Amino acid sequence: MKHVIRSVTSLNGLWEFAFLGDIAPDAFSPLDLRCDRKLPVPSAFDALPAEAGRRGLAAYRTRCTVPPGRPARLEFGAVSIWARVYVDGRLLREHACGYAPFTVPVPVAEHPGREIVVLVDNRFDFERSPMHEERFDFYQYGGIIRDVALHLLPTSAPFFELVQVMPTPDYRSGRIGVRVELGAAAGRTMLLSSRIDDGPVTRHECRVSATGETTLALTVPSPRVWSPESPHLHVLRVTIDDPGLGAPLDDTEVRFGLRRIEARDGGLWLNGEPLRLRGYNRHEWHPNFGPCVPTLQMVADLELLRELGCNFVRGCHYPQDQRFLDLCDELGFLVWEENLGWGQREPTFASAKFKRDHAESLAAMVRASCNHPSVIIWGFLNEAGTDADYVRPLFEETAATLRRLDPSRLISYASMFPLTDRHFDLVDVISVNLYPGWYNCEGAAAPLEEIVPFIRRCFEHIDANGGRDKPVFISEIGAEALYGWRDAHRDFFTEEYQAEYLRRACREAVDNPRCSGIALWQFCDTRTYGGGLSLKRPRTFNNKGTFDEYRRSKLAFAAVREVFDGPRA
Ligand code: ADA
């Protein structure tokens, strides 16, 4: 959400910084903080070569101005992996979901100069931050990794918390429903004004519910449908009007697209047309910047995906950077966005703190991303223990929450149990992560020959077990290749093996009418485990990228492009 009237100041820039090391967070006092250097925000401090692999407590400090007596709020895009936020020495917020946005109310004060300290911990501690476990197959960094902004709110007057645009079945004629959440307005009657693009201003007298919500039914004046081929965006501006002065008290601007995503008759449909997804799993990562990827690199990544003939990105395995989703909206990519999750099993599901943090992060993701037309699927809990029943309560709750927060999108989770999963009934899209011809084929004489039969066996099993009416999607499939390792034996880890592997998988996905799409694992090589765990991860990287970490293409590039985009002259 953007604001024109509301004063919003970016706090990105150089902050004071101190790495405190292996001390307990409770032993920290912001009053004693001595900073010895400066670091940019956003950044991951351990993406610096000198800090490689360092884990411990760190503190960031900056100062900002809030007019005396004025309520304000800090908005953090993400702080990884655990954070406490202090304003003027007072602890105001603890947060333990390292990829989810959160806000911190700044208490009203009589002095304008305010000091903000953010305590960050990148150590793994299941009690404090159970969303993050060390065994996840991607490197988890520390720092204020996404944007920070200061919002000045109206003094003792209502303000916007959220404006959520929901295309209706009548989206082609421009009809939208708008859910508005207001702060300091519960139970009141409010005057709102709305304007879409350059259309006329409409005034609304709205009764705000006890929970601070109201709805508007609006029509886009010159509606144009959003699609990957024609990613047309509209802008809705809403203001809260002061009944006495007639001047707006607060405003918000959201960009949205008119489009409809459906799962029916065993397939996916976009704007009433059958849809097949062709794409990749992509981590937000670059070796030089860790999880804080420059916008230029994001654009470059999307251009490579376009060149490959892709229309889809699965944003694995956490809420996405809003800049990336903005680009997907504008450039016409379809996105699966998912809550942080990787292979959780029963001990994690038994943690009450995990369930609370998971719910908090899930809601934060939907609130942040609900107006992006690019996002068509909400995902959750990648490769959890879905062959067992202990996951059921949390899966049911998560599915219900997603449907309540946003009935306009599809929901799914990526299962690693295509033949034994017990919970496909809960989702709109059945998504399976498959690694035939890679994992568990030590004894196979011709591992490449396993790919197509296994995919078909999974589809048949799903159809025979109640999944016939749902779309089936290959949410991961892939094999490792070490960049530059080309070898006449064409064996595991060669570029040749990977190229042939992905060619076969893509061909089957494109040709098999039962398949609604494929997301290859993965876009580029990414850093993962060190130490003993890396024995299965050469270079301490997950090397299943079609590109290496610097986006240099492997042989698989041409193989995938040929299937997705057609043969080259
Ligand atoms: C899983 C997981 C990925 C990655 C992949 C692999 O499917 O979801 O994050 O770890 O396996 O390379 O084994």
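Let's start with an open sheet of three strands, ordered E13-E14-E17 and paired in the antiparallel sense. Strand E13 (159–167) and strand E17 (213–219) are its edge strands, each pairing on one side only. On average, neighbouring strands here are turned by 25 degrees against each other, direction ignored; axes are lines fitted to C-alpha atoms, for helices over the stretch in contact, and angles run from 0 to 180 degrees between N-to-C directions.

A quick word on where this comes from: it's a predicted model, with local features needing pLDDT of at least 70, side-chain atom pairs counting only at pLDDT 80 or more, and totals for chains, interfaces and linings using all residues. Residues are numbered from 1 along each chain as its sequence is written, and side-chain values use heavy atoms, leaving out hydrogens and water.

As for terms, strands (E, at least two residues) and helices (H or I, at least four) are DSSP runs numbered from the N terminus, and two strands pair if DSSP finds at least two bridges between them.

| Strands | Bridges | Partner pair |
|---|---|---|
| E13 and E14 (residues 175–183) | eight bridges | Val-165 and Val-178 |
| E1 (residues 8–10) and E12 | three bridges | Val-8 and His-151 |

Now for E12 itself (residues 148–152). Five of its five residues are buried, so the strand is largely enclosed by the rest of the structure. Buried means under 20% relative accessible area, with exposed over 50% and partly exposed in between (1.4 Å probe, protein chains only). Val-148, Leu-150 and Leu-152 point one way from E12, while Ala-149 and His-151 point the other way, and all are buried.
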